Amino acid sequence: MSDDVLEAELRRAVELFDPVPSDLLQLAVEAYALRMLDAELAELAFDSLSEPSRVRGEGQPRLLTFQGAGLTVDLEVTVTAGGGRVVGQLMPPRPAEVELLGHHPVALAVDELGRFVHDDVPAGPFSLRCHLAGATVVTEWITL
């Protein structure tokens, strides 16, 4: 039995025999939202899924551009068998810490040109949080 299967079964058992009280769950959601209260939301400026497909065919990476706080985040998202691969770049390039948020948050290394990559993004929703000097920018959630 894999760890993921065991975790799923334990979650079902807890939900059945000892569910989280709804007021406690609401407090947890509100506390989590306050964590990123000072972050600016980068709006989606371009999504290749919403554009007419002239050149790209099925199975091509999804291209996304987010903009906010003077920062542009370009992403190329490729769906793989177990989830996906994300290749991105911050423009203009600058020192930053980038976190991939989702089921398993992970810090991504950013090079001097603002580029980053993560080859093992689990299926489901994810977002990016970019910590810059004096600002934090969070992208909208994307679903693989």
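Strands here are DSSP runs of E with at least two residues, helices are runs of H or I with at least four, and both are numbered from the N terminus. This is a predicted model, so local features need pLDDT of at least 70 and side-chain atom pairs count only at pLDDT 80 or more, while totals for chains, interfaces and linings use all residues. Residues are numbered from 1 along each chain as its sequence is written, and side-chain values use heavy atoms, with hydrogens and water left out.

Back to Glu43. Is Glu43 buried or exposed? Glu43 is exposed, because its relative accessible area is 55%, and exposed means over 50%, buried means under 20%, and partly exposed is in between (1.4 Å probe, protein chains only). Not counting residues up to four places away in sequence, Glu43 touches Thr65, Phe66, Gln67 and Glu140. A contact is a pair of heavy atoms within 4.5 Å. Glu43 and Gly88 are 45 residues apart in sequence, and their C-alpha atoms are 16 Å apart in space.

Next, strand β8, residues 125–132. Of its 8 residues, 6 are buried, so β8 is largely enclosed by the rest of the structure. Which strands pair with β8? One is β5, which runs antiparallel to β8 and is joined to it by 5 bridges. Two strands count as paired if DSSP finds at least two bridges between them. Glu97 has His131 in β8 as its bridge partner. Another is β9, residues 135–139, which pairs with β8 in the antiparallel sense over 4 bridges. There, Cys130 is partnered with Val137 in β9. β8 and β9 form a hairpin with 2 residues between them, and Gly134 in the turn has a positive phi of about 85 degrees. There is also β10, residues 142–143, antiparallel to β8 and joined to it by 2 bridges. Phe126 stands opposite Ile142 in β10.

Two loops have backbone details to look at. Ala69 is in the loop between β2 (62–68) and β3 (71–80). Its phi is positive, about 55 degrees, although Ala69 is not a glycine. Ala69 counts as partly exposed, because its relative accessibility is 33%. Pro92 is in the loop between β4 (83–91) and β5 (97–101). A cis peptide bond joins Met91 and Pro92, with omega at about -5 degrees.

Now the interior. In soluble globular proteins, nonpolar side chains tend to be buried together. In this model the largest nonpolar core has 20 residues, and those with the most contacts inside it are Val73, Leu75, Phe116 and Leu128. The elements giving two or more residues to this core are β2, β3, β4, β5, β7 (115–122) and β8. By definition, such a core is a set of buried Ala, Val, Leu, Ile, Met, Phe, Trp, Tyr and Cys residues joined through side-chain atoms within 4.5 Å. What does Val73 touch? Leaving aside neighbours within four places in sequence, the contacts of Val73 include Leu64, Phe66, Leu90, Phe116, Leu128 and Cys130.

On to charges. Side chains of opposite charge can pair when their charged atoms come close. A salt bridge here is a side-chain nitrogen of Lys or Arg within 4 Å of a carboxyl oxygen of Asp or Glu. How many salt bridges are there by this rule? The count comes to 5.

One of them joins Glu7 and Arg11, at 2.8 Å from N to O. Glu7 and Arg11 are separated by about one helical turn, because they are 4 residues apart in helix α1, residues 3–17. Another joins Arg85 and Asp119, with the closest N and O atoms 2.4 Å apart. Arg85 lies in β4 and Asp119 in β7, so this pair ties together parts that are 34 residues apart in sequence. Arg85 is partly exposed at 34% relative accessible area, and Asp119 is partly exposed at 49%. Asp111 and Arg115 also form a salt bridge, with the closest N and O atoms 2.8 Å apart. Asp111 is partly exposed, with a relative accessible area of 25%, and so is Arg115, at 40%.
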